[in-house]
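User: I would like to go through the strands, helices and core of this protein. Could you take me through them?

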Amino acid sequence: MEIIKELEGTTLTMKISGRLDASNAQKLTNELNSALNGVKELIFDFNGLSYVASAGLRALLTAQKRMNKQGSMKIRNVADSVMEVLEMTGFADLMNIEK
């Protein structure tokens, strides 16, 4: 998994590519913990994300809960295979996903 962060003012865009699974979900959580102070809008760009596992979903849920308190969170450019997982788990109903 690769994470590219772009901060513009109080908007943080995190471009995630590869696979978000148990082997690297903690890396995303660590990146979020260090990067979200002062952020009002968090945007995940999943253009290069090909797979998400339950550990990755947990990291997304943690980010969503934090951003509910300090601003908003969006997910963009979701591949069909990742969207299927988000829909099957109910995460699509909990998160703002732009298609």
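Analyst: What follows is a short exchange on the strands, the helices and the core. Please note that this is a predicted model.

User: How do β2 and β3 run relative to each other, parallel or antiparallel?

Analyst: β2 and β3 run parallel and are joined by 9 bridges. Within this pairing, K15 stands opposite D45 in β3.

User: And what does D45 stand opposite in β4?

Analyst: D45 stands opposite R76 in β4. β3 and β4 pair in the parallel sense, over 5 bridges. The bridge partner of F44 in β4 is I75.

User: Which strand pairs with β4 over 3 bridges?

Analyst: That is strand β5, residues 96–98, which pairs with β4 in the parallel sense. There, K74 stands opposite N96 in β5.

User: What about the crossovers: is the unit of β2, α1 and β3 right-handed or left-handed?

Analyst: β2, α1 and β3 make a right-handed β-α-β unit. β3, α2 and β4 also make a right-handed β-α-β unit.

User: Turning to α2, how far apart are its end C-alpha atoms?

Analyst: They are 25 Å apart. Helix α2 covers residues 54–70, and at 1.5 Å a residue its 17 residues should span 24 Å, so the two values agree.

User: Which residues of α2 are buried?

Analyst: The buried residues are A55, G56, L57, A59, L60, A63, Q64 and M67.

User: Why would residues three or four places apart point the same way?

Analyst: An α-helix has 3.6 residues a turn, so residues at that spacing point the same way.

User: What covers the buried residues of α2?

Analyst: The covering elements include the strands β2 (11–20), β3 (41–52) and β4 (72–76). The helices α1 (25–35), α3 (80–88) and α4 (91–94) are also among them.

User: On to the core. How many residues does the largest nonpolar core have?

Analyst: The largest nonpolar core has 32 residues, and those with the most contacts inside it are M14, L28, L42, F44, F46 and L86. At least two residues of this core come from each of β2, α1, β3, α2, β4, α3 and α4. The largest share, 6 residues, is supplied by α2.

User: What does L28 touch?

Analyst: Leaving aside residues up to four places away in sequence, L28 touches M1, I3, M14, I16, L20, F44 and A59.

Terms used: Residues numbered from 1 in each chain as written. Predicted model: local features only at pLDDT ≥ 70, side-chain atom pairs only at ≥ 80, totals over all residues. Heavy atoms only, no water. Helix = DSSP H or I, 4+ residues; strand = E, 2+ residues; numbered from the N terminus. Expected span 1.5 Å × (residues − 1). Buried < 20%, exposed > 50% of the residue type's maximum accessible area, 1.4 Å probe, protein only. Contact = heavy atoms within 4.5 Å. Pairing = 2+ DSSP bridges. Right-handed = clockwise from strand over helix to strand, strands pointing away. Core = buried A, V, L, I, M, F, W, Y, C linked by side-chain atoms within 4.5 Å.
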